[in-house]
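Today I am looking up aromatic contacts.

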Amino acid sequence: MNPWEMLGLDAEAEPRSIKRRYAQLLKQTRPDEDPDAFQRLREAYEWALDWAQRFQNVEAPAALDEPFTPALINDAQHLTARLTETQQRQLDEQAWVVSLLHSCASLDEALLQAREAGQDRAFELELLRRAQLPGDQADETVRWAMTQLSWLTPWQADYLPMPTMNALAERLLSAELWQWHSQLESEQDQAVLESVRQLKKQPWVQPFDRSSYLQQGVLALLESNLGWSLSFFDEICRLFDWDEARGQLPCDDERWDELCLRRGAVALRAELRQSLNEEQPASPTSRAVWFLLKPMREGERRKLVDGFDDVDWQACEELAWRVEHHDDLLNYFGLSYLLRWRDWRPGNGWVQLYPVFWLYLCLMMFVLSSPSESTKGLAVTVVAVAALGTALLVVFRLLIKLWNRLARWCVVFDMGISLRLIPPRWVRDGSGLLLLRHIVPSAAFAALTAHWAAGPIASTVLALTTFILCVQFVDVAARGGAPAAWLVRGWLLLASVRKQILIWVLILVAAFVLSKVIITVKQKDREQAMHPAALLEACKLLGYTTREECMHPGRASGARRNPGETPSETQAP
């Protein structure tokens, strides 16, 4: 049975009703007949009265209003008389102790005189009554009693009601928690940490209920929006042995996860403050903070990104995830988040530039060369063209690297003129095309290919086509996409290994057929250039109607032979 059921009252009963009911039950429960029942009744009464006093602001303790032991007589009227005498004796002792406390200069002196007079019990009960009064003086009285009378420890007097003593302990802990709250508001987390460390060593805090009360109070401080640091949180976890891996947590998992998110916010705030105060970012985390959060001009941001590697981009990914989960920190620092920061990350499409350029060089050199009609001569030509194309590719790669270093050296200037001369949708605040870095090399390559054409019209068309393709290639690569979109789209559709091999075979066959067609056209053009119009007139005088008959008489004689003639009778011109 709970105390309310034992007393026959409800939880809203007033202290006066509890005392009256206890006096009635004392007449039915005698300690000499049933000591256990009397002890349970006494504990239920003390607990209920303490509950009513704590929640209804009643300050009078139960120990001063009721007798400590009932009279052992049967006559009800005599019982009432003995209770009155006991109460009168207690009141006299209380009055003497009150007078003693007013006359003595210190509690130590009052305790000494109370012990000499044999009034230790009355002295402690009067201190207990005063300890329950509001104010700092009551807390000082409890702390003095903890030192001199072993209050709130296993060695305290057994006549002190345990519920009242537990209420005093909670009151002291609440006062400490409120002081820590004020200190954390002024960011004195190290002072709070030292106070928690000292308080946890006190014997009166070791019982389970008081230790749990202290832990819940500290947990509430951590959950509040106060200025504690990351080291403060970690040290608190160590002091109270909070460990998520072992399942030793002071709260449920959902509440702990929220606290861990707050810890992450505190850690991020410290990292942001440290990184933003650096003159130059020295670590991947600092560079990520500068890139994503620090206000900078486009040229400075482009210069910072040019030095990034995979570790820096990974740090940017981690920082972006943390910032998106703690966006309130941006308002705390007054910063803005670079939303489209991933557009600045160079894609892998640049590696496609070299095989495409190598294939382009080999094709052009093969077309412009004079391959032999024999299979062996054609193979030698192909090998020579491939080797020369590889050498030119190496030179091209070195030139590209040299040009990129030069462009990065003057990237601030390049960014300034690019924003003025190139459409903004191409520049994209510095993550897209730049004049010196991208447009100038594309124009130079277009001018180089223009010399391979024979006429001015073909030269112009080839130069424009090359320039447009180069700019498109660079623009798609700067966005992180596949530059050779017209080829890679089909490549992605046929992504298996076997189909990739088939595609390469088809590409090589198409290149070979195209090269043969171009070679035939070029041979006819060279033969026409080698034989002037006068030679054609001479062939007509000799009786040949076409240039082919004149240049190849052996093949033409068979066509001109009469049906009755033999091969020996036919004469060549």
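I start with Trp144. I find this residue buried, because its relative accessible area is 14% and the cut-off is under 20%. I note that the model is predicted.

I then counted ring pairs. The structure holds 11 aromatic pairs. I took up the pair of Phe123 and Trp144: the ring centres are 6.5 Å apart and the planes stand at 75°, so I log the pair as edge-to-face. Where do Phe123 and Trp144 lie? I place Phe123 in helix 6 (residues 120-131) and Trp144 in helix 7 (residues 136-148). The two parts are 21 residues apart in sequence, and the pair ties them together. I also checked Phe123, which is buried at a relative accessible area of 0%.

Next entry: Phe291 and Trp344. I read 6.0 Å between the ring centres and 75° between the planes, so this pair is edge-to-face. I traced Phe291 to helix 13 (residues 284-292). Trp344 sits in the loop between helix 16 (328-333) and helix 17 (353-368). The pair thus links distant parts of the chain, 53 residues apart. Buried or exposed, I asked of Phe291? Phe291 counts as buried, at 0% relative accessibility. Trp344 counts as buried at 6%.

I then looked for a cluster. Ring pairs join Trp228, Phe233, Phe240, Trp242 and Trp256 into one.

Last entry: a charge over a ring. Which residue lies over the face of Trp290? I found Lys294 there, at 3.4 Å from the ring centre.

Technical notes:
Residues numbered from 1 in each chain as written. Predicted model: local features only at pLDDT ≥ 70, side-chain atom pairs only at ≥ 80, totals over all residues. Heavy atoms only, no water. Phe/Tyr/Trp six-rings, centres within 6.5 Å; stacked < 30°, edge-to-face > 60°. Helix = DSSP H or I, 4+ residues; strand = E, 2+ residues; numbered from the N terminus. Buried < 20%, exposed > 50% of the residue type's maximum accessible area, 1.4 Å probe, protein only. Lys NZ or Arg CZ within 6 Å of the ring centre and 35° of its normal.
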